[in-house]
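Please keep the display below in view while reading.

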Amino acid sequence: MKKIEAIIKPFKLEEVKEALAEVGVQGMTVTEVKGFGRQKGHTEIYRGSEYTVDFLPKVKIEIVVDDAQAGGVAEAIVKSANTGKIGDGKVFISTIEEAIRIRTGETGSSAVAVN
């Protein structure tokens with residue numbers, strides 16, 4: 001099993017969600033996060049004073065899938081989240097050793113399959 005974590009621009013969430021549904025992803029966890037990379041934030045003027053905004057709002061999507069699905073899922077995220085501008089985000093893929101469905105005690109791939 002693989003865990004795919006994607007950090008994307010918030011306005012791209014709906015488009016990414018639709019792309020993931022098309023490749024068979026039925027469940028995900030979404031978290032509102034803040035961060036920066038090369039973008040390094042920006043300055044804003046509020047009531048005449050200039051403020052530096054270091055951390056930019058992003059959305060983090062977490063999905064656990066079978067090894068065979070990981071490549072297609074990552075590709076769907078990259079294609080749908082891409083604007084071609086700095087700050088589009090990143091996709092991380094890591095190995096999951098075990099998963100356990102709390103309700104039934106199922107383990108492995110059957111624990112992450114949507115039933």
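The model is predicted: local features require pLDDT of at least 70 and side-chain atom pairs count only at pLDDT 80 or more, whereas totals for chains, interfaces and linings use all residues. Residues are numbered from 1 along each chain as its sequence is written, and side-chain values use heavy atoms, with hydrogens and water left out. Helices (DSSP runs of H or I, at least four residues) and strands (runs of E, at least two) are numbered from the N terminus.

**Nonpolar core**

- The largest nonpolar core has 16 residues, and those touching the most other members are Ile8, Val16, Leu20, Ile61, Ile63, Val73 and Ile77.
- At least two residues of this core come from each of strand 1 (2-8), helix 1 (13-22), strand 5 (56-65) and helix 2 (67-81).
- Helix 2 provides the largest share of this core, 5 residues.
- A nonpolar core is here a set of buried Ala, Val, Leu, Ile, Met, Phe, Trp, Tyr and Cys residues joined through side-chain atoms within 4.5 Å.
- Buried means under 20% relative accessible area, exposed means over 50%, and partly exposed lies in between (1.4 Å probe, protein chains only).
- With its neighbours within four places in sequence left aside, Leu20 is in contact (heavy atoms within 4.5 Å) with Val25, Met28, Ile63, Val73, Ala76 and Ile77.

**Helix 1**

- The residues Val16, Ala19 and Leu20 of helix 1 are buried.
- Viewed down the axis of helix 1, its buried residues fall within an arc of 100°, so they line one face of the helix; the arc is that of the directions from the helix axis to the C-beta atoms.
- An α-helix has 3.6 residues a turn, so residues three or four places apart point the same way.
- Strand 1, strand 5 and helix 2 are among the elements that cover the buried residues of helix 1.
- On the face of helix 1 turned away from its buried side are the exposed residues Ala21 and Glu22.

**Largest pocket**

- The largest pocket contains about 410 Å³ of space.
- A pocket is found on a 1 Å grid over the protein atoms alone, as an open set of points where a 1.4 Å probe fits, with protein on both sides within 12 Å along at least five of seven lines; lining residues have an atom within 4 Å of a point.
- Grid points are joined across faces, edges and corners, and a volume is the space filled by probe spheres set on the points.
- Of the 21 residues lining the largest pocket, Gly27, Val64, Val112, Ala113 and Val114 lie nearest its centre.
- Strand 5 and helix 3 (109-112) are the elements that give two or more residues to this lining, and strand 5 gives the most, with 4 residues.
- The lining comprises 11 nonpolar, 6 polar and 4 charged residues.
- In these classes, Ala, Val, Leu, Ile, Met, Phe, Trp, Tyr, Cys and Pro count as nonpolar, Asp, Glu, Lys and Arg as charged, and the others, Gly among them, as polar.

**Second largest pocket**

- About 310 Å³ of space lies within the second largest pocket.
- This pocket is lined by 15 residues, and the closest to its centre are Phe36, Gly37, Gly87, Gly89 and Lys90.
- Two or more lining residues come from strand 2 (29-35) and from strand 6 (89-95).
- The lining of the second largest pocket divides into 5 nonpolar, 5 polar and 5 charged residues.

**Individual residues**

- Gly27 lies in the loop between helix 1 and strand 2 and is partly exposed, at 38% relative accessible area.
- Beyond its neighbours within four places in sequence, Gly27 is in contact with Ile63 and Val114.
- Gly72 belongs to helix 2 and is partly exposed at 35% relative accessibility.
- The C-alpha atoms of Gly72 and Gly27 are separated by 15 Å, with the two residues 45 residues apart along the chain.
- Lys79, also placed in helix 2, is exposed with a relative accessible area of 60%.
- Val53 is in strand 4 (residues 49-53) and is partly exposed, with a relative accessible area of 23%.
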